[in-house]
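Dear colleague,

Please find below the structure that I am handing over to you.

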Amino acid sequence: KLLIFRKMFKYSSFFCALLTVLLTSLHPESGHSFIHILQYTKTLKSLQMNLEPRRCDQMETSHPSQLPGDPSLNLVTNVNLGDKKLDIMKACSKAICEATGKPESYVAVTVKDNADVIFGGNDDPTALGCLYSIGSISMESNGVLTNKVTDILEPYGVSADRIYINFFDMPRANVGWSRRTFAG
């Protein structure tokens, strides 16, 4: 469905820009200058680029309001991960990148292991997680990430039915980075 929407939006933005140019040329008194048309086309192109699928490592540097935002995962488990903890954090980081399409350079992961956690009234191996992201929170990406995190934790005795991950879509103004928020 998303691919169809992307294709529709790609062509509709082109036709909207073309229609604007044609209408402006037919009715110069409309008040739209060539600069307005260029700005409108640039905005449509920017929106279109944000919908295009990208690999995790394909992200240009620009103003924070144009960047993809902060995907961060806080994961707590009652399992002792020992010397594998860093490997698990790196695997979670890669999984977030793959599930959300965000560049891994923006992904943050924290794992607290050996924590006091119960699930269903007992202390069998369990994990609780919270993923915060500006956008990229959807039923599809959430399901993909839940599956990937489950695959990462199952070898440590955490079964799929003892993992909760909550997903939070954050407004740009509520995420700080590099001395400002992603809103600018």
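Helices (H or I, at least four residues) and strands (E, at least two) are DSSP runs, numbered from the N terminus. This is a predicted model, in which local features need pLDDT of at least 70, side-chain atom pairs count only at pLDDT 80 or more, and totals for chains, interfaces and linings use all residues. Residues are numbered from 1 along each chain as its sequence is written, and side-chain values use heavy atoms, with hydrogens and water left out.

I begin with helix α3. Its 16 residues (85-100) should span 22 Å at 1.5 Å a residue, and the end C-alpha atoms are 22 Å apart, so the two agree; the expected span is 1.5 Å times one less than the number of residues. Just after α3, G101 has a positive phi of about 80 degrees. Among the buried residues of α3 are I88, C92, I96 and T100, where buried means under 20% relative accessible area (1.4 Å probe, protein chains only). The buried residues of α3 pack against β1, β2 (108-112), β3 and α4, contact being heavy atoms within 4.5 Å.

Strand β3 (residues 127-133) comes next. Strands count as paired if DSSP finds at least two bridges between them. β3 pairs with β1 (residues 72-77) in the antiparallel sense over six bridges, and seven bridges join β3 to the parallel strand β4 (residues 163-169). G129 of β3 is the bridge partner of L75, and its partner in β4 is I165.

Yours sincerely

Notes: Buried < 20%, exposed > 50% of the residue type's maximum accessible area, 1.4 Å probe, protein only.
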